[in-house]
Amino acid sequence: MRKFTFLLALLAFTTMTFAQQATIQKQESVKETIKSATPAASKDQGDVYWSEDFDGANWTSTVEAWGQGYKLIPTATLPTHADGGTWKFVDNLGLDYLWHWSDVGTRGAYSVGADDDCHTPDPATVAKLPEGTSTENGFMIFEGDYFNTTASCVITSDVKEHDTYMVYGPIDFSDKPGAIFNIKTYYRFCCDPESKFVLQFCDDFDMTAGTGTWGDEYRINSETPNNDYTYTYERDFSINVSADVIGKNNVYFKISIITISHYFAIIDDIKFIEPPVNDLLVTDNWAHYLIDTEEDDEMINTDAKYNFYGGYTQIPVTLASPFVKFKSAVTNNGLTDAVNAKATVEIYKNGVLDLTAIGDPITVNKYTKDTLKIVTDYTPSDIASYQVSMNVDMDAEDNDLSNNSWGYNFEAVSNVYSRVYHGHEDDFSSAGPRDWKDGGYDGDMIAQYYDVPEGTSVALKAISVYMHDYRGRDAEIAAIEAGSFAMIGRVFLRDLETGENVNTGIATEVYPVNISDTATWVTLDFVDEGNLNLTGVIHKQYFMAIETFTGTQQELRFEVGTELSLKQPNGNGGWVYLKSKEKWAITGDNYAIDMILNIPNEFVNVTFNVNMSTYTG
């Protein structure tokens with residue numbers, strides 16, 4: 001057995017980051033009716049119709065002291081806006097866990113506070129809102145964590161999952177051509193997988209009775225995972241809501257926090273803005289690899305919203321198969337129809353253009369969504385660095401080209417099959433027994449899956465995994481030095497039609513983790529018992545799994561790298577096996593676990609003349 005650090009560094013890569021779930025999901029995914037909340041744009045496109053900056057001059061009378069912070073006075077008279085509209089704050093649990101005005105930071109056992117005192121507000125959290133946010137005169141906060149924190153700074157044994165909202169209205173949009181909703185926000189939510197932060201609209205709300213017919217949900221936390229801090233680009237959140245408000249003179253909006261027990265949400269500077277005249281924006285992209293998920297989606301139980309089937313960043317050239325279709329989901333964010341909207345895909349090989357394909361043009365009506373398709377085959381047939389770029393355009397000149405493009409980089413290599421971007425190790429998060437729902441037992445497994453194309457047979461050599469840097473974790477370092485941390489590499493075969501996972505019997509020897517292994521890639525050779533060949537079978541995948549051991553049931557964390565910035569592959573990421581539950585579960589993580597093939601001359605020296613242009617969305 002040996003370890004090495006990979007020498008093949010990938011190109012710099014820029015991409016739109018899409019919805020990821022950082023907690024373990026049920027194997028049967030929950031389907032929701034949710035409108036896309038991909039940012040329309042963060043800048044002011046036109047006239048500001050309506051705004052609220054939560055100025056303390058209007059809001060301090062609505063709160064009372066609560067320790068070193070505030071809480072809403074339930075009987076307070078809430079400010080009336082210049083247009084005559086009013087606010088309403090509701091806790092559906094009936095416990096007065098309400099949004100409130102503040103000019104200090106977050107508190108709570110998990111949100112902590114200044115100097116790690118959970119009762120002392122931490123202003124550093126407020127500073128995470130985007131530049132230009134008017135926090136100096138106050139903001140609105142929901143202290144979900146603090147509501148569940150005891151005087152001794154621990155979470156109460158009777159944790160409540162909050163269900164609370166704020167409503168404002170009415171606003172008159174009857175003479176407006178369209179509207180973009182913009183809000184500055186910073187949050188972190190935990191711990192129910194169904195936690196959500198949503199915006200809705202209504203034109204028949206009764207402020208006194210608290211009743212009305214609310215429209216579909218816009219997810220404000222559409223792309224930031226549960227139990228993670230707000231992605232930078234979602235802190236200045238915009239969404240075109242024209243379909244919900246135009247032509248109406250009695251519009252109410254509601255911001256809700258649902259099934260959230262821990263952490264907080266801060267909002268400020270709400271605006272309704274006039275949309276641009278012409279603005280076609282990309283909300284999602286797909287480069288379908290191996291199969292067309294539109295045709296096979298039901299059969300193989302996958303979800304076409306994820307990136308190309310497989311989602312690999314490194315593909316052994318002996319296993320490379322064709323991309324069969326490219327698609328861009330688009331929204332017409334402008335005031336006029338997008339005539340002759342079309343997508344163009346370009347693929348560069350070692351910096352040289354190797355493919356250009358253009359889809360059939362269509363008209364995307366204003367405030368509607370559609371998908372632009374390019375039906376073409378492309379196979380990465382040589383060892384090289386590849387860059388896929390997609391761009392959408394229309395007849396009219398787009399007023400905002402910053403949201404019209406997307407890019408994805410990958411490599412065809414000799415023997416490495418990988419989902420994570422090597423060279424990004426400093427950005428890897430962590431996964432381990434104590435991070436898994438109901439996990440923490442010796443024998444739990446972390447797994448990443450790989451597709452071997454139908455009819456192809458390959459020989460395995462090893463499994464490679466990135467171990468985290470344990471600096472600052474004294475208990476874990478002591479356990480590693482004592483020889484308590486160990487792992488075994490295993491291979492499983494999953495049937496996508498039945499959901500059954502079968503142990504192939506392919507495994508490594510037990511490998512005790514050494515301190516010198518941390519912050520490096522560790523490679524474990526499989527024991528060759530004549531069964532190291534894998535054959536590709538349609539609708540089946542192979543799992544490369546790491547079985548973890550800490551030799552104790554203490555609060556120790558076996559940390560294996562994950563890459564959360566990658567767009568999710570089919571299946572929602574990696575998998576874990578929970579020994580205590582005797583079942584597999586999907587996670588939102590792309591684990592830093594690689595399949596290594598047994599190919600002579602593992603490393604081929606290739607000189608790349610790479611076009612380092614990146615594509616942003």
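In which sense do strand S35 and S38 pair, and over how many bridges? The legends below refer to a predicted model.

**Figure 1. Three strands, S26, S35 and S38, form an open sheet.** Strand S35, comprising residues 560-563, pairs with S38 in the antiparallel sense over 2 bridges. Within this pairing, Thr562 stands opposite Tyr591 of S38. The order of the sheet is S26-S35-S38, and its pairing is antiparallel. Strand S26 (429-431) and strand S38 (590-591) each have a single partner strand and stand at the edges, so one side of each is left without a neighbour in the sheet.

**Figure 2. Glu547 and Arg490 form a salt bridge.** The closest N and O atoms of this pair are 2.5 Å apart. Is Glu547 buried or exposed? Glu547 is buried, with a relative accessible area of 11%, whereas Arg490 is partly exposed at 21%.

**Figure 3. Asp203 and Lys248 form a salt bridge.** The closest N and O atoms lie 3.8 Å apart. This pair links distant parts of the chain, 45 residues apart. Asp203 is found in the loop between strand S11 (196-202) and strand S12 (217-219), while Lys248 is found in the loop between helix H4 (242-245) and strand S14 (251-260). Asp203 is partly exposed, with a relative accessible area of 36%, and Lys248 also counts as partly exposed, at 29%.

**Figure 4. The side chains of Asp158 and Lys160 meet in a salt bridge.** The N to O distance is 2.4 Å. Asp158 has a relative accessible area of 48% and is partly exposed. Lys160 likewise counts as partly exposed, at 23% relative accessibility. In the whole structure, a search finds 11 salt bridges.

**Figure 5. Asp122 is buried yet has no salt bridge.** Side chains of opposite charge can pair when their charged atoms come close. For Asp122, the nearest side chain of opposite charge is that of Lys128, which is 9.0 Å away. Asp122 is situated in the loop between strand S7 (100-102) and helix H2 (123-126). A polar atom of the Asp122 side chain lies 3.0 Å from the backbone nitrogen of Ala124.

Notes
Residues are numbered from 1 along each chain as its sequence is written. This is a predicted model: local features need pLDDT of at least 70, side-chain atom pairs count only at pLDDT 80 or more; totals for chains, interfaces and linings use all residues. Side-chain values use heavy atoms; hydrogens and water are left out. Helices (H or I, at least four residues) and strands (E, at least two) are DSSP runs, numbered from the N terminus. Buried means under 20% relative accessible area, exposed over 50%, partly exposed in between (1.4 Å probe, protein chains only). Lys and Arg count as positive and Asp and Glu as negative; His and the chain ends are not counted. A salt bridge is a side-chain nitrogen of Lys or Arg within 4 Å of a carboxyl oxygen of Asp or Glu. A polar contact is a pair of N or O atoms within 3.5 Å; within protein, one must be able to donate a hydrogen and the other to accept it, and residues adjacent in sequence count only if both atoms are side-chain atoms. Two strands pair if DSSP finds at least two bridges between them.
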